[in-house]
Amino acid sequence: MNPREEPDWRLFRGDGVPRHVEMPPAPPWRRFGAGEQAAPDGERAPSASGPARPAPYLIEPEHADVVNAALHLRRPLLVTGSPGTGKSSLARAIAHEMDLAEVLRWPVNSRSTVQDALYRYDAIGRLRETALTRDRGEAEPDIGSFVRLGPLGTALVPGERPRVLLVDELDKGDVDLPNDLLTVFEEGEFEIPELARLPEEQSVVEVLTERAGERATVRRGRLVCEEFPVVVITSNGERDFPPAFLRRCVRLELPTPDESRLRAIVTAHLGDDALEDVDQLLDAFLRRRAARELATDQLLNAVFLRAGGMDVTADGLLEAVLHRLGGAV
């Protein structure tokens, strides 16, 4: 290569000269299309190459025992730990190993409510469609077509096998949200008032679920689960939960990965070759993590870029990849 020639990894050069650039392969956790790949922080990202076996989930035996306790007790598993410890990916690891259906995910934010997670009723859509069908002289549409179960409601749909529900970052929700969940978790059922008010001849209604193309049967406006779902609740420790809520959960604290565990995580996601000449990056990550909050997926990002030929130790670049997660930006 000519000494003055720019490295191949520079797709954008900032010189205003248009070039035809071929995009290199994306990280496994940033590939979209049919199928899925495991993401470094535990999220799931689709893969263009079709379904693939997820990367192994690394967990200590004593932590796996806590998971089993929650499974046997049919209690929600409350998982805490620093960013990048694999809190969210635990739900998918459980679903994969137990051969359960795809994980239902409820990402909690400050506006989240239990009702939204249970079901949504499109009253305006029903009114519009009813008016249109009447104008055409057709039968009114079934109310079930305007009721869609949310992730929590879908998790409670009766079935021989439990469903897996990930309640992600519950501590970001309203302060009353954990208490609002207690009744649903304790009783394993909920009511849809819009269906409960229907006459007896309409007491059985087929409603939509969170899964495309799937319907669930609701009788007399109530949906009752047969097998309590596998519920994994994650928290970043941003606030405390009420004692009544904690009493009904099995708690698991995932430790921050040490150097040997970080090497194993890199291998699991990027292969054995990714460990070549990784010592400098790993040392930089550990030093920065000791002084401020960093997530494991930031290390994976740096290793992936280095494997592609990028000099991640260049001025400003390492700071951009291994930036702190807290405080002002």
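Modeller: Two strands count as paired if DSSP finds at least two bridges between them. Keep in mind that this is a predicted model.

Biologist: Which residue of β7 does L104 stand opposite?

Modeller: L104 faces L165 in β7.

Biologist: What makes β4 and β7 a pair?

Modeller: The cut-off is at least two bridges, and β4 and β7 have 4, in the parallel sense. They therefore pass as paired strands.

Biologist: How do you know that β7 pairs with β12?

Modeller: By the count of bridges again: 4 join β7 to β12 (residues 230-235), and the two run parallel. Within this pairing, V164 has V230 as its bridge partner. With at least two bridges required, β7 and β12 therefore pair.

Biologist: What joins β3 to β12?

Modeller: Strand β3 (residues 77-80) is linked to β12 by 4 bridges, also parallel. L77 has its bridge partner, V232, in β12.

Biologist: Why are β4 and β13 said to stand at the edges?

Modeller: The sheet is open, with 5 strands in the order β4-β7-β12-β3-β13 and parallel pairing. β4 and β13 (250-253) each have a single partner strand, so one side of each lacks a neighbour in the sheet. On average, neighbouring strands here are turned by 20° against each other, direction ignored.

Biologist: Which helices touch this sheet?

Modeller: Helix α1 (residues 61-73) packs on the sheet through β3, β12 and β13, and its direction makes about 160° with that of β13. Helix α2 (residues 87-97) lies across β3, β4, β7, β12 and β13, at about 165° to β12.

Biologist: Why is β7 described as largely enclosed?

Modeller: Buried means under 20% relative accessible area. In β7 (residues 164-168), 5 of the 5 residues are buried, so the rest of the structure largely encloses the strand. Both faces are covered, with V164, L166 and D168 buried on one side and L165 and V167 on the other.

Biologist: Why is S112 called buried, and where is it found?

Modeller: S112 is in the loop between β4 (104-107) and α3 (114-118). Its relative accessibility is 12%; the limit is under 20%, so S112 counts as buried.

Biologist: What does S112 reach or contact?

Modeller: The S112 side chain reaches the backbone nitrogen of N109 at 2.8 Å. Setting aside neighbours within four places in sequence, S112 is in contact with W106, P107 and L177.

Terms used. Residues are numbered from 1 along each chain as its sequence is written. This is a predicted model: local features need pLDDT of at least 70, side-chain atom pairs count only at pLDDT 80 or more; totals for chains, interfaces and linings use all residues. Side-chain values use heavy atoms; hydrogens and water are left out. Buried means under 20% relative accessible area, exposed over 50%, partly exposed in between (1.4 Å probe, protein chains only). A polar contact is a pair of N or O atoms within 3.5 Å; within protein, one must be able to donate a hydrogen and the other to accept it, and residues adjacent in sequence count only if both atoms are side-chain atoms. Contact means heavy atoms within 4.5 Å. Axes are lines fitted to C-alpha atoms, for helices over the stretch in contact, and angles run from 0 to 180 degrees between N-to-C directions.
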